[in-house]
Amino acid sequence: MAEAGEHLEVNRAMWDERAPAHAASPDYMVERYVEDPSFVGDVVTFDRPRLGDIRGLTGVHLQCHIGTDTVSLSRLGARMVGLDFSSASISEARRLVERSGDDVTFVESDVYDAVDVLGGRRFDLVFTGIGALIWLPSIARWAEVVAQLLAPGGRLFLREGHPMLWSLGDARPDGLLVVEHPYFERPEPTVWDDPGTYVETDVELHQTVSHEWSHGLGETITALLDEGLRVTGFEEHDSVPWDPLPGYMEPHPDHPGELRLRDRPWRLPLTYTLQAVKPAG
Ligand SMILES: C[S@@+](CC[C@H](N)C(=O)[O-])C[C@H]1O[C@@H](n2cnc3c(N)ncnc32)[C@H](O)[C@@H]1O
């Protein structure tokens, strides 16, 4: 059985290598953030109706990667801190705000150490998602961190890949969607060896191994309830902001930057948005 630290190091090496390639990829639109100070990315735009007015809130974006969504939230008026364990991702995020002038702070830390590293600060908004939770072995430990980071009355906002999507095998020519990988959390990770990434890039990648964990919806919701949070919103979506099944997706007619299954898109939820509040008193 691999040690917890080994999972962390394997995944960190993978993300450190991808961060500069992602920052240079047209798909992350870094130049657009620099050139247009009012630009807000598609991922945050998708959820704007659910986010509501976040002006003046203090927020932390867990697993912020190169900071693009963190900057988008800041442009909607929240005072944001981004946190990620990949030093290369944090360097790219800091470079982005140095160039764009956005007032956002970035902190390098494992999610599980976030409470200590952030010095016990409490936030009105904890934001996370889009391929974040699969890098964490225990959803219960994550929920504990979220609960500790939230101020009384504060809100968790989570948009994530659906665990049913993570459970699928590769797309098949006959169009069948086959459940092949874990849906529920398991102690041992699923180990992948993939030379590619989810955005367009010419960079040749060498850190190809990653360790991932699925977390069922019930497990995620129960973990939050166990921490005393109140779930205030939960929606499943037929769209996803990356291409999970190459050759089998089409642009979503209603949501810029999102894809859906070309054939009978109503068969499968691809992502979800969950909101939960820490009771005030
Ligand atoms: C797919 S990215 C998050 C996506 C992000 N929403 C985006 O598209 O910009 C996953 C991020 O999680 C970070 N990560 C993975 N495991 C982590 C951990 N244990 N603690 C903190 N960050 C972690 C990686 O470094 C990477 O930046």
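In this predicted model, a backbone N or O atom of G129 lies 3.0 Å from a nitrogen atom of the ligand. Taken alone, the ligand exposes 600 Å², and the protein buries 96% of that area.

**Contacts with the ligand**
- A backbone N or O atom of V111 lies 2.9 Å from a nitrogen atom of the ligand, while a polar side-chain atom of Y28 is found 2.7 Å from an oxygen atom of the ligand.

**The shell around the ligand**
- There are 20 residues around the ligand, and those that come nearest are Y28, H65, D84, D110 and V111.

**A pair of helices**
- Helix α8, which covers residues 139–149, and helix α10, which covers residues 217–226, have axes that come within 8 Å and cross at roughly 40 degrees.
- Because of that angle, α8 counts as oblique to α10, and the crossing of α8 and α10 is right-handed.

Terms used. Residues are numbered from 1 along each chain as its sequence is written. This is a predicted model: local features need pLDDT of at least 70, side-chain atom pairs count only at pLDDT 80 or more; totals for chains, interfaces and linings use all residues. Side-chain values use heavy atoms; hydrogens and water are left out. A residue is near a molecule or strand if one of its heavy atoms lies within 4 Å of it. A polar contact is a pair of N or O atoms within 3.5 Å; within protein, one must be able to donate a hydrogen and the other to accept it, and residues adjacent in sequence count only if both atoms are side-chain atoms. Accessible areas come from the Shrake-Rupley method with a 1.4 Å probe; for residues, only the protein chains shown count as cover. Axes are lines fitted to C-alpha atoms, for helices over the stretch in contact, and angles run from 0 to 180 degrees between N-to-C directions. Helices (H or I, at least four residues) and strands (E, at least two) are DSSP runs, numbered from the N terminus. Angles under 35 degrees count as roughly parallel, over 145 as roughly antiparallel, 65 to 115 as roughly perpendicular and the rest as oblique. A crossing is left-handed if the near helix is turned anticlockwise from the far one by less than a right angle, and right-handed if clockwise.
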